[in-house]
Amino acid sequence: MNTQTPGRVIVTGGGSGLGAAIVEAIRDAGGTPFVFDRDISNVSGAKALEVDVSNREAVEAAVKEAAEGMGGLDGVVTAAGIDRCGKLGDVPADEWEKVIGVNLLGTVSVIRAALPYLKGSRGRAVTIASTLGLRALPDATAYCASKFGVIGFSRALAAETGGVIGVTTIIPGGMKTHFFDDRDEQYKPQDDSKLNDPANVAQAVVFALSQPFGSEVRELLICPAEEGSWP
């Protein structure tokens with residue numbers, strides 16, 4: 001793996017929001033991003049596959065296709081994420097479980113499928129958690145459960161694969177994306193000016209991906225100075 005560039009990287013959720021910013025940052029840094037998303041209609045300048053990361057079989061086939069098409073794999077970034085706000089008793093069970101399926105199990109499925117390729121290149125898995133993986137809030141049981149899970153999974157994976165692959169967890173605060181658009185008004189940020197530009201978080205991802213093998217950036221928390229989700 002070239003330690004000066006991110007290399008060949010799968011980015012889940014790369015069709016919009018933070019994922020799209022990561023794709024652009026990887027490309028600008030001389031890397032080769034490959035997008036997995038349910039909607040790839042707006043993807044340009046990178047190869048892409050339409051993938052629902054909560055479907056493990058689809059993920060396994062897509063990872064194989066992407067890795068073989070690029071001649072290997074140096075990294076994966078699991079940026080795909082969804083949310084369903086509301087009290088536990090009010091959020092339909094299938095919608096609640098879909099959040100776990102995409103945010104947590106989707107992360108696990110992508111990394112599991114990519115692991116043989118990452119071991120071969122001594123590459124890196126970069127998981128995207130959230131400040132709500134460190135701090136619990138009401139009406140966010142699904143999202144908090146998924147992101148607390150991502151952090152726990154990532155720490156355990158780092159302990160399991162130390163010296164074999166790199167593992168970094170990015171922990172962003174609120175960002176100016178369309179992530180909040182389908183929420184009820186009570187669950188939307190009250191002041192968008194206090195949210196972070198996803199390009200700032202994307203630069204942290206590229207920093208992690210570009211580390212030389214054996215140098216570990218285990219966790220990076222990136223939040224806007226005046227946004228209240230952390231601390």
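**Helix packing**

Mentor: Start with helix H2 (residues 56-70) and H3: their axes come within 9 Å and cross at roughly 35°. Helices here are DSSP runs (H or I, at least four residues), numbered from the N terminus. Axes are lines fitted to C-alpha atoms over the stretch in contact, and angles run from 0 to 180 degrees between N-to-C directions. This is a predicted model, with local features needing pLDDT of at least 70 and side-chain atom pairs counting only at pLDDT 80 or more, while totals for chains, interfaces and linings use all residues. Residues are numbered from 1 along each chain as its sequence is written, and side-chain values use heavy atoms, without hydrogens or water.

H2 passes H3 in a right-handed crossing (the near helix is turned clockwise from the far one by less than a right angle). On the H2 side, the contact (heavy atoms within 4.5 Å) uses Arg56, Val59, Glu60, Val63, Lys64, Ala67 and Glu68. H3 answers with Ser109, Val110, Arg112, Ala113, Ala114 and Tyr117. By class, that contact holds 7 nonpolar, 1 polar and 5 charged residues. Nonpolar covers Ala, Val, Leu, Ile, Met, Phe, Trp, Tyr, Cys and Pro; charged covers Asp, Glu, Lys and Arg; the others, Gly among them, are polar.

H3 has another partner. Helix H3 (residues 93-121) packs on helix H4 (residues 141-161) at an angle of about 15°, with the axes 8 Å apart. H3 is therefore roughly parallel to H4 (angles under 35 degrees count as roughly parallel, over 145 as roughly antiparallel, 65 to 115 as roughly perpendicular, the rest as oblique). The crossing of H3 over H4 is right-handed. From H3, the contact takes Trp96, Val99, Ile100, Asn103, Leu104, Thr107, Val108 and Ile111. From H4 come Thr141, Ala142, Tyr143, Ala145, Ser146, Lys147, Gly149, Val150, Phe153 and Leu157. The H3 and H4 contact splits into 12 nonpolar, 5 polar and 1 charged.

Now H1 and H5. Their axes come within 8 Å and cross at roughly 50°. H1 is therefore oblique to H5. Their crossing is right-handed. H1 contributes Leu18, Ala21, Ile22, Ala25 and Ile26 to the contact. H5 contributes Pro198, Ala199, Val201, Ala202, Gln203, Val205, Val206 and Leu209. The class count is 12 nonpolar, 1 polar and no charged residues.

To recap: H2 and H3 bring 5 charged residues to their contact, H3 and H4 bring 1, and H1 and H5 bring none.

Terms used
Helices (H or I, at least four residues) and strands (E, at least two) are DSSP runs, numbered from the N terminus.
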